[in-house]
Amino acid sequence: MSADGGVSPDGTEIFEEHRPVLLGVAYRMLGRVADAEDVVQEAWLRWSAADREQVREPRGYLVRVTTRLAIDRLRQLRARREAYVGTWLPEPLVTDLAPGAARDEREGAERVVLAESVSLAVMVVLESLSPLERAVFVLREAFGFPYAQIAETLERGEPAVRQMASRARRHVEERRTRFDVDPKQQRDLTERFLKASVEGDLEGLLSLLAPDARLVSDSAGKAKAPRRVIVGADKVARFLAAIGPQGGDGVFGFRFLELNGGQALLATYDEAPDTVFAADVADGRIQSLYLIRNPDKLAHLTGQGD
């Protein structure tokens with residue numbers, strides 16, 4: 001508020017009210033927290049310079065600006081990611097539950113929708129959509145914007161937007177890993193996974209993995225990790241049993257935290273983030289295991305977890 005109790009002339013309060021939604025849109029579009037924050041900062045500059053008296057609906061205006069900026073940024077990032085060493089995974093996002101989610105929305109069906117829209121399984125598939133298709137999917141599926149508003153945002157006809165939404169939804173459903181959103185089950189499996197991995201318990205690991213389990217790792221060539229996807233419970237279990245905590249002068253530690261709407265495990269070395277383990281769980285088994293070791297994607301996790 002301004003000194004006289006009114007709305008500040010630069011529109012700060014209005015922008016801050018909608019910042020969580022803007023960050024939620026930008027992160028789902030770009031897959032990196034820093035890139036999302038850059039886009040939202042640029043949206044703020046646009047907002048502060050705009051003739052706000054002509055803006056009838058600030059939320060719609062800000063989402064429109066943020067989405068267009070994110071589309072431009074995504075097109076720039078695509079070229080860099082083509083040269084990425086190994087598999088590219090989204091930067092893990094600490095969630096409670098997700099950007100743009102009010103506390104009274106974090107129960108039941110809405111929690112499931114939010115968790116799915118920001119899960120690693122979905123974020124990985126979104127990378128294979130075109131920037132426009134990704135924008136339509138994010139705005140419609142994650143935030144429930146009407147087709148007419150999405151069409152205005154993207155400067156496309158509503159029939160075309162509906163077609164893109166249908167195509168994107170079908171693409172995601174066909175390619176994403178099936179998973180259950182049950183925090184207690186995820187925590188239990190994560191704890192059992194930690195115990196089996198630390199002990200090098202091959203049979204214990206096999207009991208937790210689905211027969212066609214996949215291990216997907218991202219290190220950008222900056223840490224030891226497989227550059228190709230490992231497929232099959234036996235191969236994944238043998239790899240995990242072999243790596244375990246390695247020797248050295250430092251101290252390994254483990255913390256549990258919620259990442260991208262699901263339970264995850266953060267391994268630390270001398271208190272610094274070293275590896276994130278996140279799993280897609282279905283039918284009581286791990287379907288996909290994500291191993292993130294790129295230090296650039298872990299620095300923001302310092303001090304996180306329990």
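Author: Buried means under 20% relative accessible area, exposed over 50%, and partly exposed in between, with a 1.4 Å probe and protein chains only. The model is predicted, so local features need pLDDT of at least 70 and side-chain atom pairs count only at pLDDT 80 or more, while totals for chains, interfaces and linings use all residues. Residues are numbered from 1 along each chain as its sequence is written, and side-chain values use heavy atoms, with hydrogens and water left out.

At 21% relative accessibility, Arg73 counts as partly exposed. Asp38 is also partly exposed, at 42%. Arg73 and Asp38 form a salt bridge (a side-chain nitrogen of Lys or Arg within 4 Å of a carboxyl oxygen of Asp or Glu), and their closest N and O atoms are 3.7 Å apart. Arg73 lies in helix 3 and Asp38 in helix 2, so this pair ties together parts that are 35 residues apart in sequence. Helices here are DSSP runs of H or I with at least four residues, strands are runs of E with at least two, and both are numbered from the N terminus. The pair also belongs to a network of salt bridges that links Asp35, Asp38 and Arg73.

The next pair is Arg32 and Glu91, whose closest N and O atoms are 3.2 Å apart. Arg32 is in the loop between helix 1 (12-30) and helix 2 (33-49), and Glu91 is in the loop between helix 3 (58-82) and helix 4 (108-118), so the bridge ties together parts that are 59 residues apart in sequence. Arg32 is partly exposed, with a relative accessibility of 25%. Glu91, in contrast, is buried at 4%.

Asp274 and Arg293 form another salt bridge, with 3.0 Å between the closest N and O atoms. Asp274 sits in strand 5 (residues 272-282) and Arg293 in the segment after strand 6 (285-292), so parts that are 19 residues apart in sequence are tied together. Arg293 has a relative accessible area of 18% and is buried.

As for the setting, a search of the whole structure finds 21 salt bridges. The chain has eleven helices and six strands. Of its 306 residues, 50% count as buried. Among contacts (heavy atoms within 4.5 Å) between residues at least 6 apart in sequence, 66% join residues at least 24 apart.
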